[in-house]
Amino acid sequence: MGFEGASYLRRSMENGKKAVVMSGIRSTGFLHLGNYFGAIRNYVRMQDEYECYFMVADLHTLTTHPDTKELKANVHRVLAENIACGLDPEKVALYCQSHVHETAELYLYLNMLAYKGELEKTTTFKDKVRQHPENVNAGLLTYPVLMAADILLHRASLVPVGKDQEQHLEMTRNYGNRFNHRYGEVFPEAFAFNYGEELVKVPSLDGLGKMSKSENQYATIFLSDDDELIRKKVMKAKTDAGPEAPGTPMPDYIENIFLLMKLVSANDVVEKFTADYNQASIRYGDMKKQLAEDMVQFISPIRERTESIRNDEKYLRQIMELGAEKARKSAGATMEKVREAIGLKYY
């Protein structure tokens, strides 16, 4: 979090108000270890310290996934996995984007403040055009405007995002400031927030980049993977013949395995294999077996709890209704201010 975000947080604490946190996750694919350590773990911590709005971004999903046959199942899975990882629906507003109709209204108003040239320059738009040349729709172009509406709707000041979303967050500040300049002060500025820590980037098992929903799925550990699949994936992780002499520098793909081990294994286990590497006596087969078992121990309780929640549609409906009620209360208060500022109140 930058200086401005820290300053806002300090003012909120002095006023006795909880700062507002907002974040969303698209309802596509399965959550993986990178999602957990890069985002959800911090969400769980934030829920006890801030006023939190966590959204399943089903409308965002439609920009690239127009076929909705699996949408309901995907939304249920994302909700279940977030709860299984520790989010408490009583403490936060955990809701579906499409259940908060005020989002669409604010999205419309913000589109009047967004310009075609700046939208076409966004990195994510250019990437999506390359990935989906047959589906370059207006929703894809105005994706940053919808993201801005999600954040500004709750007048959030803190947004837990990674580096790849910083451009969108800057655009959110731009749209909020343009609105304030044109119509009057309504929106605070929103800043990236992750407790001042570097975000964890969980490496893929093939040594090529980070874990991803869409790249090499066999190099990604999903929270839904069964025990045997986890073991198979870990055992296929890229290694080599081992260091030839003590003190040999670690190749990046070996560093990746140690990074994964630091996330799920006990400190003494990590220290033991680090010492073995430094002494050029490491046996990668033993290390991967240990890592696989520690991964299984970490993921299996999350997977089992997720399945239990996913199979309880009545509970999921209650969660969605509760989350929508909280989110719409916040959204409604904001939209009253927005309509009044624009001059849309005629009686």
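Met-320 is buried, with a relative accessible area of 12%, where buried means under 20% relative accessible area, exposed means over 50%, and partly exposed lies in between (1.4 Å probe, protein chains only). This is a predicted model, in which local features need pLDDT of at least 70 and side-chain atom pairs count only at pLDDT 80 or more, while totals for chains, interfaces and linings use all residues. Residues are numbered from 1 along each chain as its sequence is written, and side-chain values use heavy atoms, with hydrogens and water left out.

**Confidence**

- The chain has a mean pLDDT of 90, and 93% of its residues reach 70 or more; pLDDT is the predictor's confidence in each residue, on a scale from 0 to 100.

- Met-320 has its place in helix H15, and although 244 residues separate Met-320 from His-76 in sequence, the two are 9.6 Å apart in space, C-alpha to C-alpha.
- Leaving aside its neighbours within four places in sequence, Met-320 is in contact with Val-75, His-76, Leu-79, Cys-96 and His-99, where contact means heavy atoms within 4.5 Å.
- Asp-294, which is placed in helix H14 (residues 284–310), is buried yet has no salt bridge, and the nearest side chain of opposite charge, that of Arg-231, is 10 Å away.
- For the charges, Lys and Arg count as positive and Asp and Glu as negative, while His and the chain ends are not counted.
- When its neighbours within four places in sequence are left aside, Asp-294 is in contact with Val-264, Ser-265 and Val-269.

**Salt bridges**

- The structure holds 20 salt bridges, each being a side-chain nitrogen of Lys or Arg within 4 Å of a carboxyl oxygen of Asp or Glu.
- In one of them, the side chains of Arg-130 and Asp-127 meet at 2.4 Å, N to O; these two residues are three apart in helix H7 (residues 123–131), so about one helical turn separates them.
- Arg-130 is exposed, with a relative accessible area of 60%, whereas Asp-127 is partly exposed, with a relative accessible area of 27%.
- Arg-231 and Glu-293 also meet through their side chains in a salt bridge, at 2.7 Å, N to O; because Arg-231 lies in helix H11 (residues 227–235) and Glu-293 in helix H14, this pair ties together parts that are 62 residues apart in sequence.
- Arg-231 counts as partly exposed at 23% relative accessibility, and Glu-293 is partly exposed with a relative accessible area of 32%.
- A further salt bridge joins the side chains of Glu-336 and Arg-339 (3.4 Å, N to O), and both residues lie in helix H15, three residues apart, which is about one turn of the helix.
- Glu-336 counts as partly exposed at 39% relative accessibility, and Arg-339 is partly exposed with a relative accessible area of 22%.
- Salt bridges that share partners join Glu-336 and Arg-339 with Glu-105 and Lys-345 into one network.

**A nonpolar patch on the surface**

- Leu-344, Tyr-346 and Tyr-347 form a nonpolar patch on the surface, and together they have about 490 Å² of accessible area.
- Patches are made of residues with over 30% relative accessible area and no salt bridge, with like charges joined within 9 Å and nonpolar side chains (Val, Leu, Ile, Met, Phe, Trp, Tyr) joined within 5 Å.
- Accessible areas come from the Shrake-Rupley method with a 1.4 Å probe, and for residues only the protein chains shown count as cover.
- Leu-344 is found in the segment after H15 and is partly exposed, with a relative accessible area of 32%.

**Positive phi values**

- Arg-155 is not a glycine, yet it has a positive phi of about 45°; Arg-155 lies in the loop between helix H9 (143–152) and strand E4 (158–159) and is partly exposed, with a relative accessible area of 25%.
- Ala-280, likewise a residue other than glycine, has a positive phi near 60°; Ala-280 is found in the loop between helix H13 (267–278) and H14, and at 27% relative accessibility Ala-280 counts as partly exposed.

How values were computed
Helix = DSSP H or I, 4+ residues; strand = E, 2+ residues; numbered from the N terminus.
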